[in-house]
Amino acid sequence: RPRRQAVSGYDVTFSPVKSVSSLWALADPALAARIELAHQAAIKDALAFIEAHALYSRTGTNGVRQVDVQGLVATAFTHRDSRAGDPDLHTHVAISNKVRARGTDGIARWYALDGRPLYASTVAASELYNSRLEAYLGDELGMRFAARGDAREGKRKVREVVGVSRELNELWSSRRAAIDAEYAVLAK
């Protein structure tokens, strides 16, 4: 087994597909605010899922007893561009490693979060975020989504907003292009 290492917290990042960030960047302030509200609502749904299905602590000798916790402690930081300066609406949620749970004596104390279920739930939480964001934007703003059609082997198809050009999304994906170019060099 790999050696375990204590951490102070976990960073979970929620990022919409590029076409949503592109529309958000080009929209007037009122529409951009509505897109951002849909983004925040989808994050709230994903965090509720994590809280209900992925947060536990361990108590007892060698942590043999997995116990439910009383909520999570987290803070969110919304960013509006990528490291390359491209429009990129995304939110980092820093989840504390400390949670309250009842020990074997029934008294609530602060314990360390069991990171394994949290880590195992990240794909499900991401998919929930994506589907809820798509639903909110469809219901609130009438946006339609369709598969992009260029999924890599073994990956699910990415769904983008219908009507947003692929060229615009690629123009504002300079960080991705740089990563792909470096990957190609390293792969050789």
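A contact here means heavy atoms within 4.5 Å. Helices (H or I, at least four residues) and strands (E, at least two) are DSSP runs, numbered from the N terminus.

The model is predicted: local features need pLDDT of at least 70, side-chain atom pairs count only at pLDDT 80 or more, and totals for chains, interfaces and linings use all residues. Residues are numbered from 1 along each chain as its sequence is written, and side-chain values use heavy atoms, with hydrogens and water left out.

Start with the whole protein chain. It has 6 helices and 9 strands, and its C-alpha atoms fill a box of roughly 60 × 45 × 30 Å along the principal axes. Of its 188 residues, 35% are buried (under 20% relative accessible area, with a 1.4 Å probe and protein chains only).

Next, select helix 2, residues 29-53. At the N-terminal end, show Asp28, which caps the helix: a side-chain oxygen lies 3.0 Å from the backbone nitrogen of Ala30.

Now colour the buried residues of helix 2, among them Ala32, Ile35, His39, Ile43 and Leu47. The buried residues of this helix pack against strand 1 (9-14), helix 1 (18-26), strand 4 (74-81), strand 5 (87-96), helix 3 (115-120) and helix 4 (122-141).

Finally, select strand 6 (residues 98-102) and strand 7 (residues 108-112), which run antiparallel and are joined by 5 bridges (strands pair if DSSP finds at least two bridges between them). Arg100 stands opposite Trp110 in strand 7. The two strands form a hairpin with 5 residues between them, and Gly106 in the turn has a positive phi of about 85°.

Definitions and conventions:
The expected span of a helix is 1.5 Å times one less than its number of residues. Buried means under 20% relative accessible area, exposed over 50%, partly exposed in between (1.4 Å probe, protein chains only). A polar contact is a pair of N or O atoms within 3.5 Å; within protein, one must be able to donate a hydrogen and the other to accept it, and residues adjacent in sequence count only if both atoms are side-chain atoms.
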